[in-house]
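Here is a short briefing on charged side-chain contacts. Look at the sequence and the structure first, then read the points below.

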Amino acid sequence: MREGETLFLPYDHINLDRGEIEIKGVDYVSKSRLNGTVALKEGHWEPKGNKVYRTVDISENKQLLDFLRWDIENKSPKEKFFMGNGQGVL
């Protein structure tokens, strides 16, 4: 996976039963700073390259599956993104 694909990965794109991560476009909210002021910014992220949608097979990576299972079970109920702030914001 590319860095951006990981940064914009929502939990609902992780399927542990199938051992797959879906890479596709996603709407997001992030925090931005401008002149010392923090504001929320909305946007839409799309993966680079010719394929707008693809899946990454993680079914053979037991350590990653175990970690993701633990992370999903212990995430904040408001959390949407794997790399989020715990409140649904990147």
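In this predicted model, R69 and D66 pair through their side chains in a salt bridge, with N and O 3.7 Å apart. Both residues belong to helix 2. The structure has six salt bridges.

**Helix 2**

- D66 also meets K62 in a salt bridge, at 2.7 Å from N to O.
- D66 and K62 are four residues apart in helix 2, which spans residues 62–74. That spacing is about one helical turn.
- D66 therefore has a salt bridge to R69 and a salt bridge to K62, with K62 set about one helical turn from D66.

- R69 is partly exposed, at 34% relative accessible area.
- D66 is partly exposed too, at 35%.
- K62 counts as exposed because its relative accessibility, 57%, is over the 50% cut-off.

**The R18 network**

- Salt bridges link R18, E20, E22 and K24 in a network.
- Within this group, R18 bridges to E22. Their closest N and O atoms are 3.5 Å apart.
- Is E22 buried or exposed? E22 is buried, because its relative accessible area of 14% is under the 20% cut-off.
- R18 is partly exposed, at 46% relative accessibility.

Definitions and conventions: Residues are numbered from 1 along each chain as its sequence is written. This is a predicted model: local features need pLDDT of at least 70, side-chain atom pairs count only at pLDDT 80 or more; totals for chains, interfaces and linings use all residues. Side-chain values use heavy atoms; hydrogens and water are left out. A salt bridge is a side-chain nitrogen of Lys or Arg within 4 Å of a carboxyl oxygen of Asp or Glu. Buried means under 20% relative accessible area, exposed over 50%, partly exposed in between (1.4 Å probe, protein chains only). Helices (H or I, at least four residues) and strands (E, at least two) are DSSP runs, numbered from the N terminus.
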